[in-house]
Amino acid sequence: MIPIQLENITHTYDSKIILDNLSAKISEKKITCLLGNTGSGKTTILRLIAGLERPKSGKIYINNRIVTCGNEICVPPFVRKVGFVFQDLALWPHFTVLKNISWSLEVTGHKDASTIASSMLETFGLSGFEKKYPHQLSGGQQQLLAIARAMAPSPEILLMDEPLSNLDNRIKVRMLEKVLEIKEKFNITIVYVTHDHNEGFHIADDIMLLNDKGKIEIFGSKKEIIESDNVFVKEFISISRK
Amino acid sequence: MDRELIKKTLSALPSLFFIIMVVLPLAYIFAVSFTEDGSITFEHYLAAYHLQTFVLLFKSCVLATSVALIATLIGSLFGYMISSTNLPFSGPLKLLFLLPLFVSPYYLAVAMHDFVFLLVGNTRMLNSEEAVAAILIMSYAPIPLLIMSASFANINSRLEEAGLLVTSRMRTTWSILFPLVKPAFISSFVLVFILAISEITVPSYYLVNLLPTEIFMQFTAFYNHKAAIALGSAICVLSIVLLLMERSSLTDAPFLAIGKRGSARRLVTLGKWKYPILTVAVTYLIFVVIIPLVGLAMQAFREGMPDYLRDKSMPAGYLPLERELGYSMDYLYKGFALLKPVILDSLLYALVGSLLICLLGFLFAYRSERKKIKWMDYLLLLIFAIPSTIFGIALIKFYNRTSLEFIYTSAFIILIGYIGKFTFVASRMIGNSIRQIPYSLEEAAELSGANFLSRFWYILFPLILEGFFAAFIVCFIFCLGEMATTIVIYPPGNALLPVKIATSMHNTPDGLISAMVFIILLLTFSLLGILYVIKKYFIKRIHL
């Protein structure tokens with residue numbers, strides 16, 4: 001089964017082309033990392049997969065089922081079974097840590113929302129913080145809470161939009177290990193957006209590198225990317241290293 | 001029907017309601033002003049515009065420009081001092097500076113009239129453009145103060161600090177800070193200009209003939225609504241042109257921003273200037289807040305005047321001083337007896353009106369901030385720029401027909417008046433609050449499966465509650481004191497507090513009028529106090 005398939009996706013903002021006739025298939029139960037410069041359309045791809053935006057044209061399939069067809073959303077975001085970790089984390093500031101997780105279960109009618117939420121907190125090492133508010137947690141804990149919330153409804157795909165961009169390097173490495181753990185534990189497909197190739201190469205199975213013209217420059221395994229002779233790839237990696 | 005179509009239709013309903021109830025009457029009355037006996041004509045406009053009209057228009061423009069400029073300068077100065085410096089007692093000072101905003105200019109005019117009368121024994125000096133300008137400056141200065149202090153607070157202190165590394169504080173303020181707040185300054189100017197040029201109650205009370213009073217006269221004295229509209233169109237065109245010129249900066253300025261978050265600026269130390277500036281601020285407040293209130297209170301507590309002094313053929317404010325009058329509660333009791341029958345109705349209309357305004361304001365602001373559908377903003381702005389009298393005339397001419405009598409003869413017409421006048425204010429205030437909440441919070445809820453109502457009720461509403469409630473307070477107090485439109489449209493048996501005072505003016509002793517205004521101010525300030533306490537203690541501030 002192909003968890004995510006993008007077919008001839010074109011997307012524009014105010015007549016500026018962000019994605020230009022882009023097609024790709026994301027592999028199942030792997031971490032696929034979307035790399036590229038700022039404005040290359042990485043976040044847009046995630047938002048299109050989640051159903052938070054509509055492309056100008058093209059089709060999106062999730063688990064072989066068409067979810068977006070051209071400008072039309074055929075399957076609404078909450079039915080797509082995707083979890084989303086936003087760049088700003090989007091933790092609900094007026095809800096406690098526990099409520100942040102349980103609320104998203106309650107609205108979809110889960111009867112044991114509190115139990116599931118508590119067990120997610122335990123899994124992510126946040127037990128004891130149930131009654132705290134997001135602003136009372138450290139940066140790393142907020143990150144964990146955002147991932148726990150996204151994972152609570154048992155999604156089949158986890159979309160992560162530069163979730164570690166605001167963390168210092170020491171915590172970032174720990175969090176990357178945590179992401180790998182999540183993938184193993186929940187056996188889930190993860191699409192991970194970052195502009196930092198070190199971060200990408202650390203966790204990715206596959207890498208999709210986007211150029212500045214809204215197209216995929218290269219898409220393959222880590223090894224294929226490293227061994228590639230593509231000028232853009234070499235430049236991107238060397239600039240990132242500097 | 002397609003789900004998307006239903007969503008679009010539902011989201012367009014509030015705009016449709018507003019257009020039908022508010023915009024259509026205005027469009028109708030302007031269209032009618034170009035007709036006579038079924039044919040199109042410009043005769044009303046040609047007849048309305050002659051030398052005297054242009055003189056009045058010029059006088060009104062000069063007055064509005066002066067008011068706008070001085071009020072904006074005062075508001076900017078104190079806005080800067082309060083938001084950006086270590087001026088002592090800046091919190092209480094800000095509250096006192098804002099008080100005139102919640103008092104109809106008309107009441108301030110009555111209060112100042114009383115004070116001048118107590119001081120010099122007559123009020124002839126108030127029958128001038130300068131006096132009208134002074135009252136309007138006092139009334140409107142809080143608006144620039146709010147806009148400018150929010151604008152100063154919005155500036156990233158790093159920008160200022162980067163300037164301070166290379167030049168003096170004075171130069172940094174002049175070259176970095178001022179250009180950054182220029183749009184807010186111009187917006188404040190335009191906003192006050194529009195309010196001042198269409199203000200009618202103060203010039204009427206001080207017997208100063210300006211274009212708005214002429215418009216009112218054409219309608220009330222001659223019942224010539226076409227002439228009134230023709231005259232009013234000059235003000236409309238002027239205001240709309242100004243608004244369109246300043247469109248972007250006005251809509252983007254942090255208009256009446258409440259609960260600004262995350263903008264902790266480093267305060268400028270005033271040093272040796274701290275207490276002199278505090279003295280200036282307190283002196284200004286004494287003139288604008290304390291003196292009018294004292295004057296009003298003294299007149300309200302004055303002993304009831306004997307009959308021979310109630311001769312209204314005497315000049316305004318005339319009172320022979322041979323006989324010293326003592327103080328009593330007489331006028332206050334009488335005033336209360338006169339106002340009592342309309343207090344509950346006024347409160348009820350203001351409550352229902354402000355709730356509807358905030359609801360519509362939220363829906364419009366949401367579409368503007370989240371869906372980037374901006375045309376409604378401009379429409380609200382245009383309606384806001386229409387003088388109140390013109391708006392009132394439009395409502396009664398449109399709704400005064402058999403099929404719409406249920407609106408014309410009931411409280412509905414008053415509510416429509418409130419909605420037309422103040423939805424712009426609510427929409428901007430609530431819009432500022434929505435803008436501070438990242439959209440990703442709602443998107444996260446959407447991905448969880450929450451529908452629009454759940455997202456609104458559980459996520460967005462608690463986060464904007466503070467701003468929503470502030471908008472409610474402002475609109476409630478504005479509705480309660482609204483006079484210029486209400487006096488034109490109020491149906492028989494539905495007189496409200498401000499109308500009661502305005503209509504009593506010519507057959508009631510001055511002291512009794514003062515007592516009635518005093519009671520209304522007491523009521524307004526008490527309500528403000530109660531609402532403030534509710535906001536402070538019952539509305540939780542959220543840490544974003």
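**A helix in chain B**

Begin by selecting helix α19 of chain B, residues 411–435. Its 25 residues should span 36 Å at 1.5 Å a residue, and the end C-alpha atoms lie 34 Å apart, which agrees; the expected span is 1.5 Å times one less than the number of residues. Helices are DSSP runs of H or I with at least four residues, strands are runs of E with at least two, and both are numbered from the N terminus.

The model is predicted: local features need pLDDT of at least 70 and side-chain atom pairs pLDDT 80 or more, whereas totals for chains, interfaces and linings use all residues. Residues are numbered from 1 along each chain as its sequence is written, and chains are lettered from A and ligands numbered from 1 in the order in which they are written.

Next, centre on Phe422(B), where α19(B) bends by about 50° (the angle between axes fitted to the seven residues ending there and the seven starting there). Of the 25 residues of α19(B), 21 are buried (20 or more other C-beta atoms within 10 Å of the residue's own, with C-beta atoms placed from the backbone).

**A strand in chain A**

Now select strand β8 of chain A, residues 157–161, in which five of five residues are buried. Ile157(A), Leu159(A) and Asp161(A) cover one side, and Leu158(A) and Met160(A) the other.

Note on methods:
A residue is buried if 20 or more other C-beta atoms lie within 10 Å of its own, exposed if 12 or fewer, and partly exposed in between; C-beta atoms are placed from the backbone.
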